[in-house]
There are 2 protein chains.
Amino acid sequence: MNGRKITCAERAQLAMMLEVCAFPKPGNVDRCHDYPETRLEHFLASTILARPALERAEKGDGSVGELILDAVESTNIHSGGNTHFGAYILLIPLLLGRDIPGACRIVAETTVEDAVLFYEAFGKTRVRVLTNDELDVNDPGAVEELRKRQMTLYDVMLYSARNDMVAREWINGFTLTRRGADLLHSYGGGGCGAVMGTFLELLSTEPDTFIIKKHGQDVAWEVMKKAREVRDGVRDIVRFDQECIDKRINPGSIADIIIASLYIALGEGWAWDS
Amino acid sequence: MNGRKITCAERAQLAMMLEVCAFPKPGNVDRCHDYPETRLEHFLASTILARPALERAEKGDGSVGELILDAVESTNIHSGGNTHFGAYILLIPLLLGRDIPGACRIVAETTVEDAVLFYEAFGKTRVRVLTNDELDVNDPGAVEELRKRQMTLYDVMLYSARNDMVAREWINGFTLTRRGADLLHSYGGGGCGAVMGTFLELLSTEPDTFIIKKHGQDVAWEVMKKAREVRDGVRDIVRFDQECIDKRINPGSIADIIIASLYIALGEGWAWDS
């Protein structure tokens, strides 16, 4: 080993890589599990291809909206669909702001133009959204509505926070990101065990809003209850994982938050390979 | 998907990622297997961290020796030891030269200074080398010897070719790199199956020189024979893989060549995610 310091963009990439490799993560793509249309290699390809956008964010070269759009456009060149949209929503402000307090300032200062670009980015992913929504990203009229109401990207996140735990991070000072980083630090060393333990702890205590959007509240709370049983040693994680995968129940929002937590923890000296 | 073209550096990174994820690769780190001191995450961290050196090579910003040293120094900041030294020896000329004929010109034009820098890079890895060698990289006198004999890096590879199939690629026009790329193309689509099939075909027909250095000729030929039986369907790959791992028999040089093959095939339109 020598003394080269990793850059913030590389740290974000390491966070993306460590998250997806950790296993077994109930319901999500991990080292041991693919979905037919989205495989481990797709997540890792995005991790590689996101670098230019992450580097721009590290340099402060662009607005939040521009950089989220850049990250999506840089990475959606494979056939695996959306892999990291939620992660970019957290990583871009964290890179621009250097740390959580800085990211809070960045998100508070977002503009209507950021919101418009964000909708453009969203439209280029295949992320599931709630319908019957006047700000539905699949509705071309939504951008007009944004401009009419003069909604900034922060306002959009405030609007979405009720149904989306990633958006909620913007509103509540990156609470779960911070909690995940603290959990990572609480493990003696790094490695897959720490990432898995952190994932399981968040899954045991937060209903994942990506699951809610796909399968409804009841399923999300049921997953939380079962995750708690796994954590407490009374349910087998491998069988629970398989059950989630069979039903296509994937806690994707908690995965996004874990990536942000890993990014923060790595910056605070958490040794991933100790 | 949109039309962004991936860069050559990204293509090299994708090659590194696809190689290590493919499984089960008898004896090597893969999606399903770690060695205690070198894990999948170490290979993927190197894949991320190699980018600046690969980008310099893409731009022609540096000599072969400088860029191999840069790649080693950029990636040996984790605790997983050497992961891709052999791959850099192939990727750097391929990036500088654009294709195999270009790489052949690049390696032919290397200098004594390239050789000196290469030895510096080698010294920063923990790659196994043959002892009783007057050009042993662990011997501080070796660089003096290089200068005295006016050996270019090409001369060093010619000297090493007898015992090292990666060095041999420099001498014989990247023969196995080309063969691996052709094998990849021969599969209907991309994906793990094509990488695995290509790996197994090379392993069935070439004694791996990394195995020879660690375990001797007999073991390498035995591995080749068993790989052939796996290929022909008369030996179980999972058990063979476990046998190799238990004995720490890892065909690391063929893995390096597969990375170069993937790099070439991707550039020729092989669709990794089809």
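In chain B, the cover over the buried residues of α6(B) includes α4 (64–75), α5 (85–97), α9 (153–160) and α10 (165–171). This is a predicted model: local features need pLDDT of at least 70, side-chain atom pairs count only at pLDDT 80 or more, and totals for chains, interfaces and linings use all residues. Residues are numbered from 1 along each chain as its sequence is written, while chains are lettered from A and ligands numbered from 1 in the order in which they are written.

**Helix α6 of chain B**
- Ala103(B), Ile106(B) and Val107(B) are buried in α6 (residues 100–108). Buried means 20 or more other C-beta atoms, placed from the backbone, within 10 Å of a residue's own; exposed means 12 or fewer.
- These residues span an arc of only 95° around the axis, so they sit on the same side of α6(B). The arc is taken over directions from the helix axis to the C-beta atoms.
- Pro101(B), Arg105(B) and Ala108(B), on the other side of α6(B), are exposed.
- Helices are DSSP runs (H or I, at least four residues), numbered from the N terminus.

**Contact between the chains**
- Chain A gives 28 residues and chain B gives 28 residues. Contact means C-beta atoms, placed from the backbone, within 7 Å.
- On the side of chain A that touches chain B, α1 (8–21), α2 (40–49) and α4 (64–75) of chain A each give two or more residues.
- α2(A) supplies the largest share, eight residues.

**Symmetry**
- A 180° rotation with 0.0 Å of shift along its axis superposes chain A on chain B (RMSD 0.0 Å). The two copies are therefore related as by a two-fold rotation axis.
- Superposition is by least squares on C-alpha atoms of residues with pLDDT of at least 70 in both copies.
- Both copies use the same surface: 100% of the contact residues of chain A recur in chain B.

Technical notes
Two residues are in contact if their C-beta atoms, placed from the backbone, lie within 7 Å.
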